[in-house]
Amino acid sequence: MGCNGVVQVLIERLERKSIPNAIAFTRECFHKKHLGIIATVFAFEGEVDVKLGSRLLLYPNGKIVTDIKDPTLIESLSADAQAAFVNQKSSINNYQLSFGSAEVFIEVIQPPTPFVIFGAGYGAVPVAKFAQALGWDVTVVDCRANETTRARFPLACDVILSNRDIIHKQIFIDVQTIAVVMTHNYLDDLEILKMMLPSPARYIGILGTKPRTERLLQDLSIKGILPTSEQLNRLYSPVGIDIGAETPEEIAITIIAETQAVLRNRNSNFLKNRNQPIHKSYQDNFN
């Protein structure tokens, strides 16, 4: 195709009774919305006690299930799987064993990104639509408790009709959560920001001008709520990247692009200005 890429494909039989069962494990990660690690042997050389397709599964509680027999490989894989759980990056690793070597794909199983939109105006519609197209788990929170909201967001995974005084009792925020505040109501935004700043949310975006957000933070400080530098680092306002957006759809693109950049730890710059490869090289895993 001209890009000099390399694709390796492991073809294997689907067996429901296989232990460990990667399909059942993946289904559990998605259903329970937690991370998981699958390490799969896809190549080996020499006289090693390893089979093609052997796996090691790592659960969030540290539990490990594997059909790999080589104790040295299990020890190395366990450590690298734990590291992958922390940095949330899949990789291909080569392991030198006593009488050979094994190549293993360590895959991070990511459940759909939880994406919470506070506000249900017409500007929120394309944001929810684009997030849904990426497979994210979208929740729309309408502080006006307007029943027409459900019809406006037919594709959202969940629509919560509430008010600012009880929102904290109705939603769950974790370290994977992306949140965008766009209620167009100052008092609602103030209460939501009061709730979200101390939360573990990975990203908090606020629609509006920088002076408006500074005023929100100032009003919170008057109430004795002083955000830490770590909390402010997770706060993005004005929300979105600068592409000259004006329409609701254009603004939605900037919001989704910025949140994607945060999820991938990128700075959302032009690729033409990037001096490094877009994707990590296969060979980098062996250097």
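In which hand does H5 cross H6? H5 passes H6 in a right-handed crossing, a crossing being called right-handed if the near helix is turned clockwise from the far one by less than a right angle, and left-handed if anticlockwise.

Before I go on, please keep in mind that this is a predicted model, in which local features need pLDDT of at least 70 and side-chain atom pairs count only at pLDDT 80 or more, while totals for chains, interfaces and linings use all residues. Residues are numbered from 1 along each chain as its sequence is written, and side-chain values use heavy atoms, with hydrogens and water left out.

Let me stay with the helix pair. Helix H5 covers residues 186-196 and helix H6 covers residues 210-222, and they pack at an angle of about 60 degrees with their axes 10 Å apart; helices here are DSSP runs of H or I with at least four residues, and strands are runs of E with at least two, numbered from the N terminus. The axes are lines fitted to C-alpha atoms, for helices over the stretch in contact, and angles run from 0 to 180 degrees between N-to-C directions. The angle makes H5 oblique to H6, given that under 35 degrees counts as roughly parallel, over 145 as roughly antiparallel, 65 to 115 as roughly perpendicular and the rest as oblique. On the H5 side the contact (heavy atoms within 4.5 Å) is made by Tyr 186, Asp 189, Leu 190, Leu 193 and Lys 194, and on the H6 side by Arg 212, Arg 215, Leu 216, Leu 217, Asp 219 and Leu 220.

Turning to the sheet, 5 strands form an open, antiparallel arrangement in the order S3-S2-S1-S5-S4, where two strands pair if DSSP finds at least two bridges between them. Strand S3 (64-66) and strand S4 (91-97) are the edge strands, each pairing on one side only, and the twist from one strand to the next averages 20 degrees. S4 is joined to strand S5 (residues 100-109) by 7 bridges, and Gln 96 has Ser 101 in S5 as its bridge partner. Helix H1 (residues 22-32) packs on this sheet, touching strand S1 (36-46), strand S2 (55-58) and S5, and its direction makes about 155 degrees with that of S1.

Finally, some backbone details. Lys 33, in the loop between H1 and S1, has a positive phi of about 55 degrees although it is not a glycine. A cis peptide bond, with omega of about 0 degrees, joins Ser 237 and Pro 238.
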